[in-house]
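Please examine the sequence and the structure shown below. The paragraphs that follow lead through several parts of the model in turn.

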Amino acid sequence: MSAGSFGFGRRVAPTAIILAAGLVLLYVFLYAPILYVVYTSFATDVVWPFPLDFTLTAYEDLFASSLYGEALSNSLKLAFGSAVISTFLAAGGAIAVLRYRSRRRGLVMFLFIAPLFVADLLIGISILAFNARVLGLPGNLVSAMAANAVQGTAFGFLIILAQLVRYNWSMDDAAMVFGAGPLRCFAEITLPTIWPSLFGAFLIAFILAFNNLEITFYNLGAIPTLPSVAWGSLRFGLGPELFALAALVNAFVFAIFAAMYGLMKTGLVKFGYRGQ
Amino acid sequence: MPNAALELDSVTRRFGPVIAVDRISLAIEQDEFFALLGPSGSGKTTMLRLIAGLEQPDEGQVRIAGEVVTDLPPYRRGVGMVFQNFLLFPHKTVAENIVFPLRMQKMDRAQQQKQLGWILELLHLQGLEARYPNELSGGQQQRVALARGLISRPALLLLDEPLANLDRELRSEMEVEIRRYQKELKIPFVYVTHNQEEALTMSDRIAVMRNGRFEQIGAKTEIYTNPASAFVAAFVGHANRLDGQLSEIDGGLARMNWAGGQLLVPRPADAKSGDRVRYFIKHEDLEVTAAGLNGGGLNGHVANDINQVSGTLRDIIFKGQTANYIITLPQGTDLVVSDTPRTITLKPSDPVIVRWPAGSGACFAAEGA
């Protein structure tokens, strides 16, 4: 006899209670600091914000500062450029790894994801040194985009590969027999099926580059980005506008995922074709 | 010879040490329904892919309508193809799937719509234009795949086991239809299958493939009634297989010692007395009767040009139009006889006699002997 079969309503097994409590603790562990930052951004006293004395001065300070505006603009450009480069390289790599079977496939894949195991600081310094000493290139927004794309490509590769392994390449055979050349075939058949993974790779690469401090810092020098401005202002203590900034960035990321979820739920957008 | 629809000239394809297609030459006429029949791994799908351009031959030449296409990519060959798992484009509607070949040819829109209307009617697909492939039944998907293959009236239609994923009833319905389209449109079809019934039902000519070579190529009746090798005899049709030893050669016939008696069989080429042979006789060539008063004890007996054996009826497998009578012979082997179920009133464990004309069937030297 299983629990709950005697007509006294649902009985909950003790193990289920323990597992549920564990789940709640896990969420607290993951999200309590973020919620604390958002909460504090509305407080007058950011050192001990309990009970809440509501104010928007932190946001007013943030928007009043021209430095943050310029930094945001740079960060968006940097993130967009890096995400485009990453998605392009990651998609090319993933398709090649799956289409052209090689005995060294494992090695090829490892070399794609290896940058994930290297500290940001080391990637930043190495690229700076290489660009400056070997190539004689100055640090600017473009070289920072390229430098950030190193990790973006590695993450993007994993994301695209995960969806692409389920793609039926015979579909391309069919398109080719019916007269589609390789480019046409990719645009008409492959891309419409795999675009959600490309979009996912783009988003991740965008967020990585947007949030990155070390790699960007070494390749941009004096040009401000949001993380470098935030880092710089830390010298003057943990100011209220930093809480406001953190709250806004989190809200932005959350809004993107909420919008995607809403679109999927209402069926307006289908993220990928889900098999026959 | 005027331009054949398709010619292969000593085409070879290797995959590492494996020779998938081994020096195949072949000419297929306009209007012809040609079947490539063989077990899996025999190289028939590779051959189809070589014709389509999805594989490149290591040696040899492929010509379509007289033009050498060996080095052309698939999108410049102008052939149509129907794939085993349909391979409809999942994100395109039925209509978009079907007109895809026309769009790639940059045909103008009005003409595309006209052709679409024609093929939808031919294949009874009206009303499904706006559906997506995952909203269709298996049979409908198959029709859409056929429509896509035929809409541009290609120089050649290649079909790769197109019915393998359909259930039996639908399959026999589609067999008749596919043959009808081929005859109506007069487009040469090359049909790959491992199912001998499909090949026999639909095609005009059959090539039986094995290990990358043609075991036999010819009209389907020829393949069926006159197999050129033990492999073809076993693969096409349903035959009883009897292993024995030749004892006496007599012109085109030979006596085979078998299970303590003798049978009169066709003489295999170059066979000598004492050779071990394998004899095939089709189920429907045998006749079963109740062992009468003078019956019994006939085990491998030739009388009045009739081979006879006696045995016990073990079971009757009723199949509708026919029935299979399974007869156990005294030494333990089984013979299967296919006959109309109404003509005979036999019951299991009745003693019976099996007869067939002496010298019918096919006999080959035992392989590896």
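Which of the 57 residues in the largest nonpolar core touch the most other members? In this predicted model, they are A:Leu164, B:Leu6, B:Leu8, B:Leu36, B:Met47, B:Leu158 and B:Val190. The largest share of this core comes from H3(A), which contributes six residues. A second, separate core holds 35 residues, including B:Phe86, B:Leu128, B:Val144 and B:Ala145. Leaving aside residues up to four places away in sequence, B:Leu36 touches B:Lys44, B:Met47, B:Val190, B:Tyr191, B:Val192, B:Thr193, B:Ala207, B:Met209 and B:Phe214.

Attention now turns to the helices of chain A. Helix H10 of chain A, residues 226-233, is mostly covered, with seven of its eight residues buried. Among them are A:Leu226, A:Pro227 and A:Val229. The buried residues of H10(A) pack against three helices of chain A: H3 (66-99), H8 (182-211) and H11 (240-266).

H11(A) also meets helix H2 of chain A, residues 57-64: their axes come within 8 Å and cross at roughly 85 degrees. An angle from 65 to 115 degrees counts as roughly perpendicular, and H2(A) and H11(A) are therefore roughly perpendicular to each other. On the H2(A) side, the contact is made by A:Ala58, A:Tyr59, A:Asp61, A:Leu62 and A:Phe63, while H11(A) supplies A:Pro240, A:Glu241, A:Ala244, A:Leu245, A:Ala247 and A:Leu248. By class, this contact has nine nonpolar, two charged and no polar residues.

Chain A has a mean pLDDT of 87, and 93% of its residues reach 70 or more. Over residues 1-6 of chain A, however, the pLDDT is below 50, and this stretch has five contacts in the model beyond near neighbours in sequence.

Definitions and conventions: Residues are numbered from 1 along each chain as its sequence is written. Chains are lettered from A and ligands numbered from 1 in the order in which they are written. This is a predicted model: local features need pLDDT of at least 70, side-chain atom pairs count only at pLDDT 80 or more; totals for chains, interfaces and linings use all residues. Side-chain values use heavy atoms; hydrogens and water are left out. Buried means under 20% relative accessible area, exposed over 50%, partly exposed in between (1.4 Å probe, protein chains only). Helices (H or I, at least four residues) and strands (E, at least two) are DSSP runs, numbered from the N terminus. Contact means heavy atoms within 4.5 Å. Axes are lines fitted to C-alpha atoms, for helices over the stretch in contact, and angles run from 0 to 180 degrees between N-to-C directions. Angles under 35 degrees count as roughly parallel, over 145 as roughly antiparallel, 65 to 115 as roughly perpendicular and the rest as oblique. Ala, Val, Leu, Ile, Met, Phe, Trp, Tyr, Cys and Pro count as nonpolar, Asp, Glu, Lys and Arg as charged, and the others, Gly among them, as polar. pLDDT is the predictor's confidence in each residue, from 0 to 100. A nonpolar core is a set of buried Ala, Val, Leu, Ile, Met, Phe, Trp, Tyr and Cys residues joined through side-chain atoms within 4.5 Å.
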